[in-house]
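Dear colleague,

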Amino acid sequence: MSGESARPGRTKHVLFDVDGTLIDAVSNQRRVWRTWAERYGLDADDVHRVALRTRPMETFARVAADRDPFECLALLHELEDEDVRTGSYTAFDGASELLHGLPPESWALVTSNYEHRVRGRFLRTGLLLPSVIVDAAAVEEGKPSPVPYLQAAELLGADPGDCLVIEDAPSGVQSGLHAGMTVWGVNAAVAVDGVHRHFTRLREAAVHITDFASGAPGTAV
């Protein structure tokens, strides 16, 4: 895979996706969408397959075109908020140590979810929260648009070329690449197209992420 060395003498920043990258929420997402689908008498597996590839309003348009999309969204939000309160969440192995080991103000979260849910999940899993969180409400264009990652870089006062994006999903990878950032993929058996480096587990990437953030000379990206 392609890559280049981190720029020496420049402050480096790390931008993390949340679900699937730092927190294992696959079963939670599947459960929420299953309940949502059952409320409308839809096939849960079909709905979930669409939801994995699209944003909620696009999902509703494809699987429930005859329903009020705002009603659909309200129910989804209700179910997701309930899951944050009562669901079981697990941080990926190595996530806590990694976040605590990064220099303060050097990293941010960039999520397609909403900040209050991210905060709830982080409190449940004991993960450290950063000062910058770019969520779905903060931007008009979500991933794969570069806007979310570019906004995070701006809030951190960072040059996009000095930012490392950690992602697990194709839309997030494309978002980081379109923003002109280095992108590493984690928590997948097969590398997502376009990533500069790939790690099957977050823990395997941790030391390299820490080296990047510290500006270690010759850090390979």
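At what angle do α4 and α6 pack, and how far apart are their axes? The angle is about 20 degrees and the axes lie 9 Å apart, where axes are lines fitted to C-alpha atoms, for helices over the stretch in contact, and angles run from 0 to 180 degrees between N-to-C directions. α4 is therefore roughly parallel to α6, a term that covers angles under 35 degrees. Their crossing is left-handed, in the sense that the near helix is turned anticlockwise from the far one by less than a right angle.

Please bear in mind that this is a predicted model, in which local features need pLDDT of at least 70 and side-chain atom pairs count only at pLDDT 80 or more, while totals for chains, interfaces and linings use all residues. Residues are numbered from 1 along each chain as its sequence is written, and side-chain values use heavy atoms, with hydrogens and water left out.

Helices (H or I, at least four residues) and strands (E, at least two) are DSSP runs, numbered from the N terminus. Six strands form an open sheet in the order β5-β4-β1-β6-β7-β8, with parallel pairing, and two strands pair if DSSP finds at least two bridges between them. β5 (133-134) and β8 (197-198) stand at the edges with a single partner strand each, so one side of each has no neighbour in the sheet. Strand β1 (residues 13-16) runs parallel to β6 (residues 163-167) and is joined to it by four bridges; Phe 16 has Ile 166 of β6 as its bridge partner.

A volume is the space filled by probe spheres set on the points, which are joined across faces, edges and corners.

The largest pocket holds about 1,300 Å³, and of its 44 lining residues the closest to the centre are Gln 29, Ala 51, Leu 52, Thr 54 and Ser 112. α1 gives the most to this lining, with six residues.

There is one cavity of 30 Å³ or more, and the largest cavity has a volume of about 40 Å³. Its lining includes Arg 55, Ser 112, Asp 135 and Lys 143.

With best wishes

How values were computed. On a 1 Å grid over the protein atoms alone, a cavity is a set of points where a 1.4 Å probe fits but cannot get out, and a pocket is an open set with protein on both sides within 12 Å along at least five of seven lines; lining residues have an atom within 4 Å of a point. Angles under 35 degrees count as roughly parallel, over 145 as roughly antiparallel, 65 to 115 as roughly perpendicular and the rest as oblique.
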